[in-house]
Amino acid sequence: MVKVRFAPSPTGFLHLGSARTALFNWLYARHTGGKFLLRIEDTDKVRSSKKFLDEILGDLKWLGIDWDEEPLCQSQRFDVYRQKAEEILAMGNAYKESEAVIFKVEKGRQVEVDDMIHGKIAVNTDDIKDQVMIKSDGSPTYNFACVVDDTYMEITHILRGDDHISNTPKQILFYEAMGLTPPKFGHMPLILGQDGAKLSKRHGGVSVEEYKKEGFLPGALANYLILLGWFPGEDREVLSLDEAVKLFDINDMSDVQAKFDIQKLRWLNGEYIMKHKTEELLPLIKDQLLTAGFDISGITDEYISKLVDLYKIRIKTLSELGDLADWFFRDDFTVDEEGKKKYLEKEGNRENVKIFADRLEGLEDFSRENIEKICREIAEERELKAADIIHPTRMAISGKTRGAGLFETMELLGKERVIKRMRGIHK
RNA sequence: GCCCCUGUCGUCUAGCUUGGUCUAGGACAUCGCCCUUUCAAGGCGGCAACACGGGUUCAAAUCCCGUCGGGGGCGCCA
């Protein structure tokens with residue numbers, strides 16, 4: 001049975017690259033009916049914290065990743081590492097130096113790795129220094145603990161980032177020293193920033209948490225991350241985790257590093273938003289509005305839902321709704337000055353809005369159809385273009401030059417607020 | 001410096017294993033048109049790539065060699 005693992009270090013947030021690594025391991029396990037395990041690499045007592053661990057696990061769940069069995073914590077296995085190192089020492093393959101236990105690397109031979117993604121990789125041991133297994137303070141080094149634990153956990157396949165390629169021969173040497181057969185390795189290329197350098201803070205968001213806050217949907221982020229390095233075939237791009245599990249094939253993974261393209265992620269997110277049911281979007285949208293400082297206490301879910309229905313095809317992230325539709329939540333909405341100049345300063349336009357407002361006063365059933373009818377009637381009577389009524393009116397009620405259709409927007413806002421705002425521009 | 005990975009449109013990629021079907025396909029972005037009350041969405045179309053140089057071959061994006069470029073690693077960090 002396939003057994004893979006994801007081994008985060010709780011010394012910081014979950015990086016997009018790590019999330020991608022986790023995703024592919026999970027995909028491989030679920031596709032093959034194997035197990036996906038977690039191992040917490042918290043050997044660095046100073047930098048590790050519970051807070052980071054909770055955040056990382058929370059982000060994994062948020063992305064749709066679940067794991068089998070309880071996570072293994074390295075901090076609780078120091079005795080095991082020391083014992084294994086002692087065994088190697090006893091066999092004469094290591095030596096001690098200032099309390100540290102150091103593995104003796106046999107020179108002049110080749111270590112070969114049959115990488116699942118790259119194919120054969122060969123390294124000469126002349127290029128590998130002797131390796132510390134146990135540090136002077138008694139804690140294990142990364143490479144050593146990794147091998148001891150992967151053995152203990154019976155990991156069959158190790159799928160990790162390209163940056164670990166040079167660790168692999170060192171680890172294989174440990175496996176050999178302990179008389180073990182190494183698992184299969186697969187190294188996936190790293191994600192790069194737009195400028196081709198390793199994806200880092202200066203490229204914008206690098207943590208899953210940041211994208212979550214921005215209003216990206218987990219499905220969209222996971223979908224995008226998966227696409228960065230794996231091609232599902234048949235020009236498929238938008239696919240759920242379930243579909244990805246079915247289609248996943250490690251042989252289709254790319255061996256070339258890819259640049260992170262926020263534009264494509266935004267597009268994908270937009271696709272997910274518009275296809276999502278409004279009722280599923282609602283709680284997420286409300287969270288966004290709340291953090292953005294909108295007071296939505298007096299507004300019903302039903303009412304906000306209507307706004308979401310109107311806007312979900314127009315936003316790429318959930319946080320954009322607040323910017324685009326602040327007029328829905330407050331009377332002191334922001335006004336597009338360019339648009340104001342263009343539509344409200346234009347000769348006759350304010351007058352058109354006034355006439356429109358006057359006629360709307362007497363309208364009983366304030367429906368989009370009726371509103372539109374009146375608008376078109378006025379245009380015809382006065383030989384105007386409907387646009388000369390529509391644009392200034394949109395400016396008057398929303399302060400924006402863009403947004404949902406005017407008549408449905410008016411219906412949504414309600415007669416009273418609409419007329420008040422239309423008259424407001426004459427002051 | 002040494003070691004390793006890698007190089008198809010601006011970006012993600014299909015094609016490369018089994019050379020000809022590739023005047024290189026799709027998607028994002030971009031540009032134009034249609035629809036239209038704006039913005040989106042949708043529809044249609046345009047621009048745009050085999051890093052370079054040598055081979056091998058009747059024929060190379062596909063095979064071989066070299067050059068150049070990009071990335072990663074060389075910690076008693078993980």
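# Report on chain A

Residues 24 or more positions apart account for 73% of the contacts in chain A that have a separation of 6 or more, a contact being a pair with heavy atoms within 4.5 Å. This is a predicted model, in which local features need pLDDT of at least 70, side-chain atom pairs count only at pLDDT 80 or more, and totals for chains, interfaces and linings use all residues. Residues are numbered from 1 along each chain as its sequence is written, chains are lettered from A and ligands numbered from 1 in the order in which they are written, and side-chain values use heavy atoms, with hydrogens and water left out.

## Overall form

Chain A holds 19 helices and twelve strands; these are DSSP runs numbered from the N terminus, with helices (H or I) of at least four residues and strands (E) of at least two. The radius of gyration of chain A is 30 Å, whereas a compact globule of 427 residues would have one near 22 Å. That radius is taken over C-alpha atoms, and the globule rule is 2.2 Å times the number of residues to the power 0.38. The C-alpha trace spans about 100 × 45 × 35 Å along its principal axes.

Of the 427 residues in chain A, 50% are buried. Buried means under 20% relative accessible area, exposed over 50%, and partly exposed in between (1.4 Å probe, protein chains only). The accessible surface of chain A is about 20700 Å², and carbon and sulfur atoms contribute 48% of this; the areas come from the Shrake-Rupley method with a 1.4 Å probe. Chain A carries 63 positive and 75 negative charges, whose mean positions lie 2 Å apart. Lys and Arg count as positive and Asp and Glu as negative, with His and the chain ends not counted.

The expected span below is 1.5 Å times one less than the number of residues.

| Helix | Residues | Span, first to last C-alpha | Expected span |
|---|---|---|---|
| α1 | residues 16-32 | 24 Å | 24 Å |
| α17 | residues 387-398 | 16 Å | 16 Å |

In α1, 13 of the 17 residues are buried, and in α17 ten of the twelve are. The buried residues of α17 include D388, I389, R394 and M395. Among the elements that cover them are α14 (337-344), α15 (349-361), α16 (368-381) and α18 (406-413).

## Positive phi outside glycine

E383 sits in the loop between α16 and α17 and has a positive phi near 55°, although it is not a glycine. With a relative accessible area of 74%, E383 is exposed. S98, another residue other than glycine, has a positive phi near 40°. S98 belongs to the loop between β4 (94-97) and β5 (100-103), and is exposed with a relative accessible area of 58%.

## A buried aspartate

Is D59 buried or exposed? D59 is buried, with a relative accessible area of 1%. D59 lies in helix α2 (residues 50-63). Apart from neighbours within four places in sequence, D59 is in contact with L14, V208, E209 and K212. E209 is 150 residues away from D59 along the chain, yet their C-alpha atoms are separated by 7.0 Å.

Technical notes: The place of a charge is taken as NZ of Lys, CZ of Arg, CG of Asp or CD of Glu.
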